[in-house]
Structure formats: C-alpha cells, structure tokens
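Me: Please take a close look at the contact between the two chains, and describe it in enough detail that I can follow how each value was computed.

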There are 2 protein chains.
Amino acid sequence: MQIIPTPSPVDPKPGQLLARGVSRHLLQHNFACLEEFVPARGLRVDVMALGAKGEIWIVECKSSRADYQSDSKWENYLPYCERFFWAVSEDFPTDLLPEDSGLIIADAYEAEIIRMPSPQAMAAARRKMLTRDFARTAALRLQGLRDPRI
Amino acid sequence: MQIIPTPSPVDPKPGQLLARGVSRHLLQHNFACLEEFVPARGLRVDVMALGAKGEIWIVECKSSRADYQSDSKWENYLPYCERFFWAVSEDFPTDLLPEDSGLIIADAYEAEIIRMPSPQAMAAARRKMLTRDFARTAALRLQGLRDPRI
C-alpha cells in the first residue's frame, strides 16, 4: 500500500482548502474523511469519506474551470465509491459538471451538499479492501503526526 | 460510535509510553496501530493493530504487577482480535501472564515480540465492524489534529 504523508497545512493549495471545508461539512453527516487517499495504484482522490454504516463517498475538489478541465482521471474513481461528488467554490461554472455526479459548494471553512447523487452498487470485496486501506492510511498518518521519530 | 480524543503526548502515563514503543515496533511488521481504541461499549484497548491483510491484533500494556493485577476486563477483549498480546517492561514478572497470550517486551522507544500466540478465528461481521470503526476513529482523530477548529 502506498502511503501519502499527511498533506501539509502550510501553504495549502486552493483545492486543499476546499477539501478542508468539505471534510468539516461531512462530519456533520457523520462521515469520517481522509484527504489525498490512494484507492488503487495511480489514482489519488481529494477526499474519501467513510460513513457510520460503512458507506464510501469520494469528493473531487476543483478550484477553477481549468482545474476541472485538466482532470482526465475522474471517471476512474467511480468504481471506488457509492457516491461521487464534485466540490467547487461558489463562482465555479457548475453547468460544466456532469449532472449525475453529486455537487457540493465549498470554501475553506464550510460546505453544503447541493445535489445528492444516486448510490451505485459496490462489490463487497472492494469495499472491504478500501475500508482496510483507509483505516491503515489514517492510522499511519496519525502515528506520523504523534510520533515524528518513526 | 464513541470517539476518544487522540491521547495527549504531554505527561504520558507509563502504559502510554509502552504503547508508543509497541506501535513503533508493529510498524516494522506492517501493522498500523491505533491507541486507546473502543471495540465495544465499555471496553478500551491500549493498542489495536491492523495488518496489511486485515489481521486484527490487540496489545494490552502493563507497566507494573499492580497494573496487571487490577485488570479484570482483559478476557473481554479476546473476541475482538485474532491475536492478543501483553506488552510489559523488561523487569515485569512475566510468569504472572497467561501462557497462551502473546508477549511483547517494550519500552517507550521500541519493543520486541517474545511470544507469538496462535491466531483465533473471528466472525466476518465483527471484523468488518471493527475495521470500519478503526478507520473512522483514526480519520476523525487525524482531522482533529489537522483542523483544530472542528
């Protein structure tokens, strides 16, 4: 498993600020979020969220039209979640976004779910693998922050 | 789910120092560790470790004979793991410990597995629940450290 270190809070990029607001908001829906998670080799999602019943959501954060239009990978993320959302800032041209994706309007401090997508089925084996990798990634990052000597 | 905040690194108790050494060592076995995890209401384990294949281990850290002898709950932890270990310091009277439990000798900085217990079977539903709760607890603690305003 590839572990990406905890993203630095110093000089966050615009997308990382959106991710923070998204994570704060999803906590109110009782989802635990992990940023910059790697569900499979070559893929990295901005926010992976795990619900109290094991639901898995993915949120891709786009700070601008150019940021969105340069993303050629997002359809590869769909098999790794039950619901897929775009999170964009208030001034983003949301007409560009696929209508069957979820939509979240966010800033660095908070967010709101505007459109809830229909859930897709996920294979049990994939859910099990993702939940395990999410667990290990979160615990290893936490250990890295708490015990910097490792 | 009950979330215990990330244990404070300020003035750690002797058992928490052992837990740090244990967590460092288990990382070498490719286990991700979470301290003070609640597998079920009323239970709190010192170290819960999740392996790359989803293996679940529990380590109880005992800093002294009195600390061990006052623990009346440990047998309740057995159904929540495949392998159960005691972690004690070098001068602990290990003859006191049950022979079918695992044994780890630890200090605040490192540890070594002295006796590997036989694995016990775990029900798939319980493993799934524990892995999910481990994942959510770790991610929420990580978010709490990274975004203290939540």
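Reply: Buried area is the accessible area, taken with a 1.4 Å probe, that two parts lose on being put together, summed over both. In this predicted model, chain A and chain B bury about 2900 Å² between them, with 62% of it on carbon and sulfur atoms. On the side of chain A, Arg136(A), Leu142(A) and Arg146(A) lose the most area to chain B, and together they account for 23% of what that side buries. Counted by contact, which means heavy atoms within 4.5 Å, 34 residues of chain A meet 34 residues of chain B.

The model is predicted, with local features needing pLDDT of at least 70 and side-chain atom pairs counting only at pLDDT 80 or more, while totals for chains, interfaces and linings use all residues. Residues are numbered from 1 along each chain as its sequence is written, chains are lettered from A and ligands numbered from 1 in the order in which they are written, and side-chain values use heavy atoms, with hydrogens and water left out.

Within this contact, helix 4 of chain A (residues 124-146) packs with helix 3 of chain B (residues 124-146) at an angle of about 35°, their axes 8 Å apart. Helices here are DSSP runs of H or I with at least four residues, numbered from the N terminus; axes are lines fitted to C-alpha atoms over the stretch in contact, and angles run from 0 to 180 degrees between N-to-C directions. Among the residues that make the helix contact are Phe134(A), Ala138(A) and Leu142(A) from helix 4 of chain A, and Phe134(B), Ala138(B) and Leu142(B) from helix 3 of chain B. By class, the contact of these helices has twelve nonpolar, two polar and six charged residues, where Ala, Val, Leu, Ile, Met, Phe, Trp, Tyr, Cys and Pro count as nonpolar, Asp, Glu, Lys and Arg as charged, and the others, Gly among them, as polar. The crossing of helix 4 of chain A and helix 3 of chain B is left-handed, that is, the near helix is turned anticlockwise from the far one by less than a right angle.

Note on methods
Helices (H or I, at least four residues) and strands (E, at least two) are DSSP runs, numbered from the N terminus.
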